[in-house]
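Please find below a note on the model, arranged as numbered points.

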Amino acid sequence: MYALSGLPSFAAIRTKPTTFVSRSTKNNKPQAQPIRITAMRAVVQRVASASVEVEGRIVSEIGPGLLVLVGLHESDSDSDADYICRKVLNMRLFPNENTGKGWDQSVMQRNYEVLLVSQFTLYGILKGNKPDFHVAMPPQMAKPFYASLVERFQKSYNPSAIKDGVFGAMMKVNLVNDGPVTLQLDSQSPK
């Protein structure tokens, strides 16, 4: 999704990369250390059901499975997409009904579905009270990259079990969170 409520899809403006400053203490003296964001981000939610609505009509829906909000960073590459795809499809977020073990099975083991939704706002940074999205991948690059990510998921699993929203559209995402279970996954996480 590359549009803010009330703003057209071209409203995301790219400027220079951001460096964040965190404070750490060394000898009890605060020192600024730059932290750069350089990862694809996914917010993964275990759901009983989820759907995406655009202009009053449902364009995608799933039953039990995972709703994955995907934020693309301007520096993302195929290796980031591979990592997110592999991790999402293999995360053990579901109980094993045969053994009674919790957190034991993946979406693939359960033959559940995945709904992918592009969401550049995952890279929003507040500057005062105004959100800034300049580290998100620009729309003209993000659209084909996101399409390749969806295709990667389809090739890695059952193509009919992978659904997605409409890139760049104003979407209403509906879900019934199961648990609730919600995890954030960054491609630069320890592998």
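1. Three aromatic pairs are found when the whole structure is searched. Rings of Phe, Tyr and Trp (its six-membered ring) pair if their centres lie within 6.5 Å; planes under 30 degrees apart count as stacked, over 60 as edge-to-face and the rest as tilted. The model is a predicted one, in which local features need pLDDT of at least 70 and side-chain atom pairs count only at pLDDT 80 or more, while totals for chains, interfaces and linings use all residues. Residues are numbered from 1 along each chain as its sequence is written, and side-chain values use heavy atoms, with hydrogens and water left out.

2. One of the pairs is edge-to-face: F120 and F133, at 4.8 Å centre to centre with 70° between the planes. The two residues are 13 apart, F120 in the loop between β6 and β7 (125-127) and F133 in the loop between β8 (130-132) and α2. Helices (H or I, at least four residues) and strands (E, at least two) are DSSP runs, numbered from the N terminus. F120 is buried at a relative accessible area of 2%, and F133 counts as buried at 12%. Buried means under 20% relative accessible area, exposed over 50%, and partly exposed in between (1.4 Å probe, protein chains only).

3. Y146 and F167 form a tilted pair, 5.9 Å centre to centre and with 35° between the planes. Because Y146 lies in helix α2 and F167 in the loop between β9 and β10, this pair ties together parts 21 residues apart in sequence. Y146 has 3% relative accessibility and counts as buried; F167 is also buried, at 18%.

4. Helix α2 (residues 139-156) has 18 residues and should span 26 Å at 1.5 Å a residue, which agrees with the 25 Å between its end C-alpha atoms. The expected span is 1.5 Å times one less than the number of residues. The buried residues of α2 are A142, F145, Y146, L149, V150, R152 and F153. Viewed down the helix axis they fall within an arc of 155°, so they line one face of α2; the arc is that of the directions from the helix axis to the C-beta atoms. Exposed residues Q140, K143 and K155 sit on the face turned away from the buried side.

5. Against what do the buried residues of α2 pack? Their partners are β5 (65-71), α1 (78-90), β6 (113-118) and β9 (162-164), where contact means heavy atoms within 4.5 Å.

6. The largest nonpolar core holds 33 residues, and V68, L116 and F153 have the most contacts inside it. Such a core is a set of buried Ala, Val, Leu, Ile, Met, Phe, Trp, Tyr and Cys residues joined through side-chain atoms within 4.5 Å. At least two residues of this core come from each of β3 (41-54), β5, α1, β6, α2 and β10 (171-186). Leaving aside residues up to four places away in sequence, V68 touches residues including A42, V44, V88 and L116. A second, separate core has 13 residues, among them V47, A50, V54 and L122.

7. Strands β5 and β6 run parallel and are joined by six bridges; two strands pair if DSSP finds at least two bridges between them. L66 stands opposite V114 in β6. Five of the six residues of β6 are buried, which leaves this strand mostly covered.
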